[in-house]
Amino acid sequence: IVPCKNINNLMEIYTPSQVRANLFKLLKYVKVAHEPVYIVGKDTKSVLISEEDYRSMVETMYINSIPG
């Protein structure tokens with residue numbers, strides 16, 4: 001899978017068509033690499049991350065929201 005472009009080496013960027021054609025490979029990639037995939041369409045922008053990374057982000061936000 002070849003990404004469209006890369007912003008400062010932060011995320012791989014794909015079109016929705018590329019994601020649709022390679023969904024299972026991208027799901028495995030985000031799980032194994034712990035790297036997000038940025039999806040840019042004509043009118044939308046989204047990020048694909050693994051469940052583990054999502055849960056970690058939610059936990060971090062919760063911990064940071066506790067005063068003191």
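Helices (H or I, at least four residues) and strands (E, at least two) are DSSP runs, numbered from the N terminus. This is a predicted model, where local features need pLDDT of at least 70, side-chain atom pairs count only at pLDDT 80 or more, and totals for chains, interfaces and linings use all residues. Residues are numbered from 1 along each chain as its sequence is written, and side-chain values use heavy atoms, with hydrogens and water left out.

**Exercise 1. Get your bearings.**

Work out how many helices and strands the protein has, and in what pattern they follow one another.

Solution. 
- Step 1: count the elements, and you get 3 helices and 4 strands.
- Step 2: read along the sequence, and the pattern is β-β-α-α-β-β-α.
- Step 3: look at burial. Buried means under 20% relative accessible area, exposed over 50%, and partly exposed in between (1.4 Å probe, protein chains only). Of the 68 residues in the protein, 19% are buried.

**Exercise 2. List the core.**

Which residues make up the largest nonpolar core?

Solution. 
- Step 1: recall what counts. A nonpolar core is a set of buried Ala, Val, Leu, Ile, Met, Phe, Trp, Tyr and Cys residues joined through side-chain atoms within 4.5 Å.
- Step 2: name the 7 residues of the largest one: Tyr 14, Val 19, Leu 26, Val 30, Val 37, Ile 39 and Leu 48.
- Step 3: see who supplies them. H2 and E3 each give at least two residues to this core.
- Step 4: zoom in on Val 19. Contact means heavy atoms within 4.5 Å. Leaving aside neighbours within four places in sequence, Val 19 is in contact with Tyr 14, Leu 26 and Ile 39.
- Step 5: In soluble globular proteins, nonpolar side chains tend to be buried together.

**Exercise 3. Follow His 34 to its partners.**

What is the phi of His 34, and which residues does Asp 53 contact?

Solution. 
- Step 1: His 34 sits in the loop between helix H2 (23-33) and strand E3 (37-40).
- Step 2: its phi is positive, about 55°, although His 34 is not a glycine. Most residues other than glycine have a negative phi.
- Step 3: with 36% relative accessibility, His 34 counts as partly exposed.
- Step 4: turn to Asp 53, which lies in helix H3 and is buried at 18% relative accessible area.
- Step 5: beyond neighbours within four places in sequence, Asp 53 is in contact with Val 30, His 34 and Glu 35.
- Step 6: check the side chains. Those of Asp 53 and His 34 make a polar contact at 2.8 Å. (A polar contact is a pair of N or O atoms within 3.5 Å; within protein, one must be able to donate a hydrogen and the other to accept it, and residues adjacent in sequence count only if both atoms are side-chain atoms.)
- Step 7: Ser 50 is buried, at 7%, and touches Val 30, Lys 31 and His 34, not counting residues up to four places away in sequence.

**Exercise 4. Find the salt bridge.**

Which side chains meet in a salt bridge?

Solution. 
- Step 1: the test is a side-chain nitrogen of Lys or Arg within 4 Å of a carboxyl oxygen of Asp or Glu.
- Step 2: searching the whole structure gives 1 salt bridge, between Glu 51 and Arg 55 at 2.8 Å, N to O.
- Step 3: Glu 51 and Arg 55 are 4 residues apart in helix H3 (residues 51-65), so about one helical turn separates them.
- Step 4: both Glu 51 and Arg 55 are exposed.
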